[in-house]
Amino acid sequence: MPDQHRRRREALARRIADGTEAADAVLITRVVNVRYLTGLDSSNAALLVHADGEAVLCTDSRYAGTARRVCPDLELVVARPTAETLTARAGKAGVRRLAFEAHDVTVDRHGTLTAIDGAPEFVAAGRPVEELRLVKDEEELALLREACAISDRAFAAFLPSLAPGMTEREAAIALERHMVDLGAERPAFHTIVASGPNGALPHHRPGDRVLARGDLVTFDFGALYGGYHADMTRTVALGEPADWQREIYDLVLSAQLAGIAAAEPGADTRRVDRAARTVIADAGHGDHFPHGLGHGVGLEIHEAPLMGYDKTGKLMDRVPITAEPGVYLAGRGGVRIEDTLVVRGSGPELLTETTKDLLVL
């Protein structure tokens, strides 16, 4: 997508030239942001974008061939100290004020960069690339949609093998294998399988606990496809669930539906969180929902916006988010239900489509 990446760089250049801390150029050092602006996926790269939109990419020899292939329109400099090389180049090119990603550059590296002979004046850029990444274009949403579709298909393929006697770790590995077999680059994050009392731990790491009849089992997982992260959670029952298990399942589902319904362009993120949280609190489980309702997803599994009782911001059209309320009862178990969806003016577009009816296996 060379044209798409060029448009993104031009949008960044306008922000840098017109911002309150106007600069002659910006140095991008977060590799995920370099990928967004160039298409290059690497562990070592930096990008210098001038206020007129011209840009120079620097990466080391391991990625030089890939860079020439995926971003042929960019001038490429091959060097291992990427930020240092581009800082020196900016100074020689007459850049006087150089914006930089202060949330990425360490104090130590900042000292190294500013000490370079002829280095420009460094000014904090804020998070302009993350702000651009907030609203996805349709090409990005197509990749995210496929990541979610792979996740759905993998879960459907995995469920027939789920049975008492399997360990949490075995279940996680089997689910991840299905995702990769169905086209994922890899799992989008460490898969969570939390059974029985472990379901009360929102970020439980799957271990050697053996799944047993009577358990609720929570699966939090997603596929990575084209660099975009799916995120989905389903809780299933092994055998006929007890009354308390059905009660909290139905409660969490009602809360999630309320949160999804509130997710519309212009909505305050705290209000969206409150729509779901109030349902749970009114049922007497407010203290058992300890985390935010959801977060943005894209090139990273956790992106802006964040939806919680203490978060600020507004939703916009074409922003993908998760909605993942939960109720966790210490020593007994828990339920979480999560979907990835896209905020749309016509109503939320659900990207994860696995049924939310309680599956009894």
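Lysine 356 counts as buried because its relative accessibility is 14%. Here buried means under 20% relative accessible area, exposed means over 50%, and partly exposed lies in between (1.4 Å probe, protein chains only). This is a predicted model, in which local features need pLDDT of at least 70, side-chain atom pairs count only at pLDDT 80 or more, and totals for chains, interfaces and linings use all residues. Residues are numbered from 1 along each chain as its sequence is written, and side-chain values use heavy atoms, with hydrogens and water left out.

**Salt bridges**

Lysine 356 meets the side chain of aspartate 339 in a salt bridge. The term covers a side-chain nitrogen of Lys or Arg within 4 Å of a carboxyl oxygen of Asp or Glu. The pair links distant parts of the chain, 17 residues apart: aspartate 339 sits in strand β18, and lysine 356 in the segment after β19. Strands (E, at least two residues) and helices (H or I, at least four) are DSSP runs, numbered from the N terminus. Aspartate 339 is also buried, at 0% relative accessibility.

The whole structure holds 30 salt bridges. Three of them are listed here.

| Pair | Closest N to O distance |
|---|---|
| Arginine 336 and aspartate 220 | 3.0 Å |
| Glutamate 138 and arginine 344 | 3.2 Å |

What do arginine 336 and aspartate 220 tie together? Arginine 336 lies in strand β17 (residues 333-336) and aspartate 220 in strand β9, so the pair ties together parts that are 116 residues apart in sequence. Both residues are buried.

Glutamate 138 pairs with arginine 344. The glutamate belongs to helix α7, and the arginine to the loop between β18 (339-342) and β19 (349-350), so this pair joins parts 206 residues apart in sequence. Glutamate 138 is partly exposed, at 40% relative accessibility. Arginine 344 is buried, at 16%.

Two strands pair if DSSP finds at least two bridges between them.

β8 and β9 (residues 216-221) run antiparallel over four bridges. In this pairing, alanine 194 stands opposite threonine 218 of β9. Axes are lines fitted to C-alpha atoms, for helices over the stretch in contact, and angles run from 0 to 180 degrees between N-to-C directions. Contact means heavy atoms within 4.5 Å.

**Two crossing helices**

Helix α1 (residues 2-18) meets helix α2 (residues 31-38). Their axes come within 6 Å and cross at roughly 115°. On α1, the contact uses His5, Arg8, Arg9 and Leu12; on α2, it uses Arg35, Tyr36, Leu37 and Thr38.

**Cysteines**

How many disulfides does the structure hold? It holds zero. A disulfide is a pair of cysteine sulfur atoms within 2.5 Å. For cysteine 58, the nearest cysteine sulfur belongs to cysteine 71, 12 Å away. Cysteine 58 is buried, at 0% relative accessibility. Cysteine 148 is buried too, at 0%.
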